[in-house]
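Have the sequence and the model open while we talk.

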Amino acid sequence: MTAPSRLISTVDYHTAGEPFRIVLGGVRPPRGATVLDKRDDAIAHLDDIRVLLTHEPRGHADMYGCFLTEPDDDGADFGLVFFHREGFSTACGHGSIAAAVWAYTTGYTPLREDGTVVIDVPSGRVTCAVRDTEDGHPRVAFRNIASSLHARDVPVPTRRGTTTADIAYGGAFYAMVDAGSLGLRVHRDRLPRLIGLAAEIKTHLTKYHPLTDPEDPRINGLYGVIFYDRLGTAAGRVEERNVTVFADGQVDRSPCGSGTSARIAALAARGELTQDAVLVNHGILDTTFLGRITGTTMAHGRPAVIPEIEGTAYLTGHHTLVMDPRDELPTGFLLPSADTP
């Protein structure tokens, strides 16, 4: 007699090259009063599903996705619990963009009167303005939570000498390092070295600069290291190229939505980006997010900005993923990457 297989349905997108897998069925939704509580539940009870969906052969080492949930309250349309190969994140800008495109194009939720989709994520509530373009494909500008600079010019020793990092919050904590300060640039052929340096930087900062959201200690730790190249500055415009290395050496193919929010907060604190200016932020694939400051506020006793990040996402497939109970590799596997020089 054939043993029954587990079937999980997903819809997959990429946002500026970064994958995003939305789980639609075959998994019980995370439980809890808030999306942050639902993240706790997913950590405790759905981690095997995360592994199944992100590891080979159904995923890959840089896979990203989410569980669709109920929102915190009627003020939002739905909630998202984000996951990647190492665990469950508190924020994901590229995922918020993809989810808004999915919700709009499928009719999952109608746009509100102001043309927005409102999404609850573990770090808070984001508002996604959706607009059609001339080619008929929507673009999304998501307004993130209050983002702020936490530390400036922090010395960090590395194998290539001492550099400095700014640490900022955009739904998760990021360290930002000028790649040129390490004799490198943000380019595909430099990725192995950048990944290795990110591990050094993260290890040092985690040891000497513990990071915790004062309102909820569940949001903590240095999520990612952003390497950037400044490409140009003009009136009303800052242009950069970046790559974000997060989790356990995972590389964001997009310019990183929550990372761009943190970058905007750092540039604003330095007086390099004003409210009437735009950050043109290119990723490792030369895809682009546009970032703006839509307002200022105070958050946790710090000056903060309300960033807006614009981009779009494209459908890559509908999947019914199968886990056969007889499979000798039931939830998949990951092979180690090559040693970084």
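This is a predicted model: local features need pLDDT of at least 70, side-chain atom pairs count only at pLDDT 80 or more; totals for chains, interfaces and linings use all residues.

Q: Where is Arg218 found?
A: Helices (H or I, at least four residues) and strands (E, at least two) are DSSP runs, numbered from the N terminus. Arg218 is in the loop between helix H4 (191–208) and strand S11 (222–234).

Q: Which residues is Arg218 in contact with?
A: Contact means heavy atoms within 4.5 Å. Leaving aside neighbours within four places in sequence, Arg218 is in contact with Leu36, Asp37, Arg39 and Asp40.

Q: Which side chains make a polar contact with the side chain of Arg218?
A: A polar contact is a pair of N or O atoms within 3.5 Å; within protein, one must be able to donate a hydrogen and the other to accept it, and residues adjacent in sequence count only if both atoms are side-chain atoms. The Arg218 side chain makes one with the side chain of Asp37 at 2.9 Å and one with that of Asp40 at 2.5 Å. Asp40 also forms a salt bridge with Arg218, meaning a side-chain nitrogen of Lys or Arg within 4 Å of a carboxyl oxygen of Asp or Glu.

Q: What about the buried residues of H1?
A: In H1, Val35, Leu36, Lys38, Arg39, Asp41 and Ala42 are buried. They pack against helix H2 (47–54) and strands S3 (64–69), S4 (78–84) and S5 (116–121).

Q: Now zoom out: how is the chain divided?
A: Bounds come from an automatic or database domain assignment. Here that gives domain 1 (6–143 + 315–323) and domain 2 (147–309). Domain 1 puts 28 residues into the contact and domain 2 puts in 29.

Q: How many salt bridges and polar contacts cross the interface?
A: Between domain 1 and domain 2 the rule finds four salt bridges, and 14 residue pairs are in polar contact (both at pLDDT 80 or more). Helix H1 (35–45), helix H3 (93–106) and strand S7 (139–143) each supply at least two residues of the domain 1 side that touches domain 2.

Notes:
Residues are numbered from 1 along each chain as its sequence is written. Side-chain values use heavy atoms; hydrogens and water are left out. Buried means under 20% relative accessible area, exposed over 50%, partly exposed in between (1.4 Å probe, protein chains only).
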